[in-house]
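The model comes first, and the entries follow it.

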Amino acid sequence: MLDLVQRPRRNRKSAWVRAMTRETWLAPDHLIYPLFVHEGAETVPIASMPGCARLSLDGLLREAEGALLDGVGAVVLFPAVEEALRGPRGDEAHNPDGLVPRALHALRERFPELTLITDVALDPYSSAGHDGIVAPDGRILNDETVEVLCRQAVCQARAGADIISPSDMMDGRVGAIRGALDAAGFTEVSILAYTAKYASAFYGPFRDALDSAPKFGDKKTYQMDPGNVREALREVEADEAEGADMVMVKPAGPFLDVIRAVREATALPVAAYQVSGEYAMLKAASQNGWLDERRVVLESLTGIRRAGADVILTYYARQAARWLREG
Ligand code: PBG
């Protein structure tokens with residue numbers, strides 16, 4: 001017999017003891033469900049994201065109802081905008097009769113208790129597929145873009161958004177949006193800032209879903225370099241000073257150390273986005289029978305929480321909530 005004082009296995013000896021000593025857990029309250037909406041009347045599956053689809057307005061209402069029944073109380077909307085409505089300045093982004101405002105009105109009316117989150121960025125509306133306005137020489141114009149983003153945010157608030165979520169990564173947009181919302185009387189509308197959003201290859205399936213890939217170049221002059229973590233802290237400081245209510249790290253799985261660093265740098269709630277490519281990997285391996293879907297999904301979400309995220313945006317939100325209910 002070994003003469004051991006420390007036997008950590010004693011705390012793992014039964015389900016009860018393990019549950020009692022568990023440091024991190026997941027609940028449906030921690031999950032935000034991203035949804036894709038389009039103009040069409042049918043539901044169009046997204047090939048690289050099995051289980052996800054572009055929804056009609058009716059389909060969106062059904063999905064939102066399902067989410068509430070599953071215990072997921074927050075959704076974030078992403079529009080697939082018709083090509084004809086896209087332009088160089090993305091002006092459709094602040095059309096009060098546009099797809100997102102109509103979706104917000106419909107959801108707000110049917111489900112007053114559902115938390116409605118909207119994405120602020122120009123890419124779904126931009127003929128160039130960029131999050132900002134593109135100058136003739138290909139540069140992305142920061143301050144001109146921020147002006148349009150402010151209009152987009154106010155338009156969404158007017159249509160019923162509870163939380164505005166700028167994902168564009170322009171400098172100064174959080175403060176400008178806060179000012180624009182307040183000036184329009186929306187002091188209670190919150191801002192969930194995509195604070196540390198990386199120029200990641202994991203957004204591929206999302207861009208398929210919205211047909212929103214950049215027509216030229218990449219997003220590296222506004223989204224962050226995946227090698228950086230100190231820079232994330234600089235972004236946190238800026239967004240916090242500008243009035244962000246919550247900050248986000250995106251993607252989640254490959255950036256757990258960034259989530260941890262951000263958690264330690266701010267008292268604000270931290271969100272993390274398990275993005276389309278992370279979903280696609282888990283889904284593909286599961287469909288092939290190579291991974292146990294339920295276990296890997298719950299493990300990946302637990303890892304993101306353990307790293308320091310309070311809330312997680314995930315395409316698995318409904319499914320995960322159901323698994324958690326089953327226990
Ligand atoms: C657009 C936006 C993107 C995502 C959320 N908002 C794509 C991008 O920046 O190119 C990605 C989400 C995902 O991959 O699930 N501003």
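**Entry 1: basis.** I worked with a predicted model, in which local features need pLDDT of at least 70 and side-chain atom pairs count only at pLDDT 80 or more, while totals for chains, interfaces and linings use all residues. Residues are numbered from 1 along each chain as its sequence is written, and side-chain values use heavy atoms, with hydrogens and water left out.

**Entry 2: cavities.** I looked for cavities (on a 1 Å grid over the protein atoms alone, sets of points where a 1.4 Å probe fits but cannot get out; lining residues have an atom within 4 Å of a point). I found 3 cavities of 30 Å³ or more. Grid points are joined across faces, edges and corners, and a volume is the space filled by probe spheres set on the points.

**Entry 3: the largest cavity.** I noted a volume of about 140 Å³ for the largest cavity. Its lining has 18 residues, and Asp123, Lys197, Tyr203, Phe206 and Lys250 lie nearest the centre. Strand E9 (190-197) and helix H6 (204-210) each supply at least two lining residues; H6 gives the most, with 3 residues. Helices (H or I, at least four residues) and strands (E, at least two) are DSSP runs, numbered from the N terminus. By class I recorded 9 nonpolar, 3 polar and 6 charged lining residues. Here Ala, Val, Leu, Ile, Met, Phe, Trp, Tyr, Cys and Pro count as nonpolar, Asp, Glu, Lys and Arg as charged, and the others, Gly among them, as polar.

**Entry 4: the second largest cavity.** I noted about 80 Å³ of space in the second largest cavity. Helix H3 (residues 99-110) provides the largest share of its lining, 4 residues. The lining residues include Glu39, Glu82, Glu92 and Arg102, and the classes come to 7 nonpolar, 1 polar and 4 charged.

**Entry 5: atom pairs.** A polar side-chain atom of Asp131 lies 2.9 Å from a ligand nitrogen. Taken alone the ligand exposes 400 Å², and the protein buries 100% of that (areas by the Shrake-Rupley method with a 1.4 Å probe).

Notes. 1 Å grid on protein atoms, 1.4 Å probe; cavity = no way out; pocket = protein on both sides within 12 Å on 5 of 7 lines; lining within 4 Å. Polar contact = N/O pair within 3.5 Å; in protein donor to acceptor, adjacent residues only side chain to side chain.
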